[in-house]
Amino acid sequence: MDESRNTKIFINDTLLRKIVYSIEKAIGEDQQQYLRENQKETNNAMILLRGDDINTNLRHHIVKDNIDLIPFRRYGWSGRIIIDRTDHITYSIVTEGTLATVPRKKNRINPHYLQSILYAENKDCIAKERQMTLQDFGITIFDTDVLEQDFEKISQGLIDREEDYRHYIVSYIANHGEIKSITLKFLDKDFNIVDEESLMQYIRPDFAQLTNTDPKTESKADNSHSKKSLVALRSGVKPKLREIEKGTEK
């Protein structure tokens, strides 16, 4: 077994580029299109719409050959896990805020799906810096049997436990239709960081934003330029017209 699988992230450049594109399109282009086509008093559906658009984009852009999506349900909510059968890696996508709250939430009746997946796939991975957990005080949040059974429900037998899979999490922060931060995280079963890599290099530059200036600034600049031109025309119109007339006569 390659020991680096327990300590280092494996970068699948092609797949990660498509994952980032799927997220970026969902929070930008797809949401803008929804707002154009759906004029509503309120837009509360936008909160869940982003996840639906991400999963739809993943279906359209990454599913091919040995890359697939594993569907699962959690109490009325539907999610997707990306599975790379060639490199034996699974991926999930969450916001940075959601990821931060998962291990902190107390008194869960059932495990969060990430708790079950990280236990099943990353339990042999050791983080560089490990935080104290409830287990360190002899308190077990969920029995291993509960986590294992929950993982089997999520994976539906589509992940072969004998093939030594690892799970990575793509976490992101988005604001005003743009990705502000996006990171590939390799966590241990207690959500401590084993390894991580920024994925910001896969963000497509918005050339419209780069070339367009602030409309207000542009308007002021245009007005200022127009006024200066008008003054110049008024003060110099007669001399210039005379010069033109002389040039024409020659």
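Leaving aside neighbours within four places in sequence, which residues is T183 in contact with? Hold that question while you set up the view.

**Before you start**

This is a predicted model, in which local features need pLDDT of at least 70, side-chain atom pairs count only at pLDDT 80 or more, and totals for chains, interfaces and linings use all residues. Residues are numbered from 1 along each chain as its sequence is written, and side-chain values use heavy atoms, with hydrogens and water left out.

**Stop 1: the whole chain**

Colour by secondary structure. The protein has seven helices and six strands. Helices here are DSSP runs of H or I with at least four residues, strands are runs of E with at least two, and both are numbered from the N terminus. Along the sequence the pattern reads α-α-β-β-β-α-α-α-β-β-β-α-α. Of the 250 residues, 36% are buried. Buried means under 20% relative accessible area, exposed over 50%, and partly exposed in between, with a 1.4 Å probe and protein chains only. Now consider contacts, meaning heavy atoms within 4.5 Å. Among those with a separation of 6 or more, 66% join residues 24 or more positions apart.

**Stop 2: the sheet**

Select the six strands. They form an open sheet in the order β1-β2-β3-β4-β5-β6, with mixed pairing. Two strands pair if DSSP finds at least two bridges between them. β1 (67-74) and β6 (193-198) stand at the edges; each has a single partner strand, so one side of each lacks a neighbour in the sheet. On average, neighbouring strands are turned by 30 degrees against each other, direction ignored. Axes are lines fitted to C-alpha atoms, for helices over the stretch in contact, and angles run from 0 to 180 degrees between N-to-C directions.

**Stop 3: β3 and its partners**

Select 89-95, which is β3. Six of its seven residues are buried, so β3 is largely enclosed by the rest of the structure. On one side, β2 and β3 pair in the antiparallel sense over three bridges. I82 has Y91 as its bridge partner in β3. The two strands form a hairpin with four residues between them, and H88 in the turn has a positive phi of about 55 degrees.

Y91 stands opposite Y168 in β4. V94 has S171 as its bridge partner there.

**Stop 4: helices on the sheet**

Show α1, residues 13-37. This helix lies across β1, β2 (77-84), β3, β4 and β5 (178-187), and runs at about 140 degrees to β5. Then show α2, residues 46-61. α2 packs on the sheet and touches β1, β2, β3 and β4, with its direction at about 150 degrees to that of β1.

**Stop 5: T183**

Back to the opening question. T183 sits in strand β5. It is in contact with I169, V170, S171, E196, E197, S198 and L199, leaving aside neighbours within four places. T183 is buried, with a relative accessible area of 13%. Opposite T183 stands S198 in β6. β5 and β6 pair in the antiparallel sense over five bridges. Their hairpin has five residues between the strands, and F191 takes a positive phi near 70 degrees.

**Stop 6: C125**

Go to the loop between α4 and α5 and pick C125. C125 is buried, with a relative accessible area of 3%. Which residues surround it? Beyond its neighbours within four places in sequence, C125 is in contact with R5, N6, R166, F186, D188 and V194.

**Stop 7**

Select α4; ten of its ten residues are buried. Among them are Y113, I117 and E121.

What lines the largest cavity? Show I70, I81, T90, I117, E121, F151, I154, S155, I159 and H167. α4 (113-122) and α5 (144-155) are the elements that give two or more residues to this lining. α5 gives the most, with three. By type, the lining residues divide into six nonpolar, three polar and one charged. Ala, Val, Leu, Ile, Met, Phe, Trp, Tyr, Cys and Pro count as nonpolar, Asp, Glu, Lys and Arg as charged, and the others, Gly among them, as polar.

The structure holds one cavity of 30 Å³ or more. The largest cavity has a volume of about 40 Å³. A cavity is a set of points, on a 1 Å grid over the protein atoms alone, where a 1.4 Å probe fits but cannot get out; lining residues have an atom within 4 Å of a point. Grid points are joined across faces, edges and corners, and the volume is the space filled by probe spheres set on the points.

Notes. 1 Å grid on protein atoms, 1.4 Å probe; cavity = no way out; pocket = protein on both sides within 12 Å on 5 of 7 lines; lining within 4 Å.
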